[in-house]
Amino acid sequence: MDKYAEILELFGIEVPVGYSAEEIEKAKSEVGGLPSELEQFYLNYGKSPELHGLQDELILPGQHKALLDKDYIIIFNENQGVCQAGIKKSDAALPDPPVYTSVDDGEWKLSCPRVSDFLIAMFGYQASICLEFSPEEFYFITQEEKEKIERLFKKCEQHFDNWLYDWNITLYGDNNNGRIALMDNGGDIQMNYAANTEEEFIRMQKLLDGIGEPI
């Protein structure tokens with residue numbers, strides 16, 4: 001089974017579009033190499049329009065050079081450019097290396113142990129914001145409400161840490177028609193959710209009724 005099947009389902013990608021091997025090789029020459037897992041993602045899905053124009057931005061072949069850090073290759077960019085995710089240049093030869101994040105060009109912190117897990121989790125997070133059906137609001141929730149969500153919904157295996165305001169982002173969803181994201185920095189906890197079908201959105205909305213205060 002395709003490890004990225006949930007991304008394809010969440011975003012309704014029926015015919016994935018990827019980069020050519022020549023385009024990938026050119027990108028590799030510009031930055032000194034890319035992990036094989038990231039190469040394969042670009043080759044299989046990188047040009048799929050459904051993965052572009054989301055809240056935050058996947059950095060594509062040809063774009064890495066402009067965002068190249070001294071020690072890191074940037075692979076994802078927060079929508080205002082405040083936070084970036086990247087892999088160490090020294091890890092580029094590893095097949096599926098760790099991903100690190102940095103806010104405002106500050107200290108780099110470990111975010112996810114594998115780039116494959118990071119991509120699944122990051123696009124799950126993007127789904128919780130960008131899918132068609134959503135309340136169009138973010139919410140503050142309490143620790144007790146977080147525990148209720150954990151009882152009501154299935155926790156996704158992949159997650160990532162240290163995004164933007166030191167958020168540790170955990171995802172929930174009983175199927176690949178919707179995602180709930182909880183952003184927890186050890187103080188405030190925020191929630192957002194969205195679905196790709198009206199039926200799933202209504203189901204999620206009913207279960208989440210009364211949880212959280214709009215921000």
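This is a predicted model: local features need pLDDT of at least 70, side-chain atom pairs count only at pLDDT 80 or more; totals for chains, interfaces and linings use all residues.
View 1. Strands β7 and β8 are antiparallel and are paired over two bridges. Together they form a hairpin, with three residues between the strands. Within that turn, Leu-164 has a positive phi of about 60°.

**View 2. Asn-162 and Asp-166 have positive phi values without being glycines.** Asn-162 belongs to strand β7, which covers residues 160-163, and its phi is positive at about 60°. This asparagine is buried, with a relative accessible area of 17%. Asp-166 sits in the loop between β7 and β8 (167-172), and its phi is near 55°. Is Asp-166 buried or partly exposed? With 37% relative accessibility, Asp-166 counts as partly exposed.

**View 3. Five strands make an open sheet with antiparallel pairing.** Follow the strands across and you will read the order β1-β2-β3-β4-β5. The edges are taken by β1 (57-58) and β5 (109-112); each has a single partner strand, so one side of each is left without a neighbour in the sheet. Inside the sheet, β3 (residues 83-88) and β4 (residues 99-103) run antiparallel and are joined by four bridges. Here Gln-84 stands opposite Ser-102 in β4. Helix α4 (residues 115-130) lies across β1, β2 (72-77), β3, β4 and β5. Relative to β2, helix α4 runs at about 25°.

**View 4. Asn-77 makes a side-chain polar contact with Gln-84.** Asn-77 lies in strand β2. The cut-off for buried is under 20% relative accessible area, and Asn-77, at 11% relative accessibility, therefore counts as buried. Its side chain makes a polar contact with the side chain of Gln-84 at 2.9 Å. Setting aside residues up to four places away in sequence, Asn-77 also touches Asp-56, Glu-57, Ile-59, Cys-83 and Trp-163.

**View 5. Helices α2 and α3 pack with a right-handed crossing.** Two packed helices are described by the angle between their axes and the distance between the axes. For α2 (residues 21-31) and α3 (residues 36-45), the angle is about 140° and the axes are 10 Å apart. Which residues make the contact? From α2 come Ala-21, Ile-24 and Lys-28, and from α3 come Glu-39, Tyr-42 and Leu-43. Sorted by class, the contact has four nonpolar residues, two charged ones and no polar ones.

**View 6. Glu-6 and Asn-176 are 170 residues apart in sequence but 5.8 Å apart in space.** That spacing runs from C-alpha to C-alpha. Glu-6 is part of helix α1, residues 5-10. Beyond its neighbours within four places in sequence, Glu-6 is in contact with Ile-120, Gln-158, Asn-176 and Arg-179. With Arg-179, the link is also a polar contact between side chains, at 3.3 Å.

Methods:
Residues are numbered from 1 along each chain as its sequence is written. Side-chain values use heavy atoms; hydrogens and water are left out. Axes are lines fitted to C-alpha atoms, for helices over the stretch in contact, and angles run from 0 to 180 degrees between N-to-C directions. A crossing is left-handed if the near helix is turned anticlockwise from the far one by less than a right angle, and right-handed if clockwise. Contact means heavy atoms within 4.5 Å. Ala, Val, Leu, Ile, Met, Phe, Trp, Tyr, Cys and Pro count as nonpolar, Asp, Glu, Lys and Arg as charged, and the others, Gly among them, as polar. Two strands pair if DSSP finds at least two bridges between them. Buried means under 20% relative accessible area, exposed over 50%, partly exposed in between (1.4 Å probe, protein chains only). A polar contact is a pair of N or O atoms within 3.5 Å; within protein, one must be able to donate a hydrogen and the other to accept it, and residues adjacent in sequence count only if both atoms are side-chain atoms.
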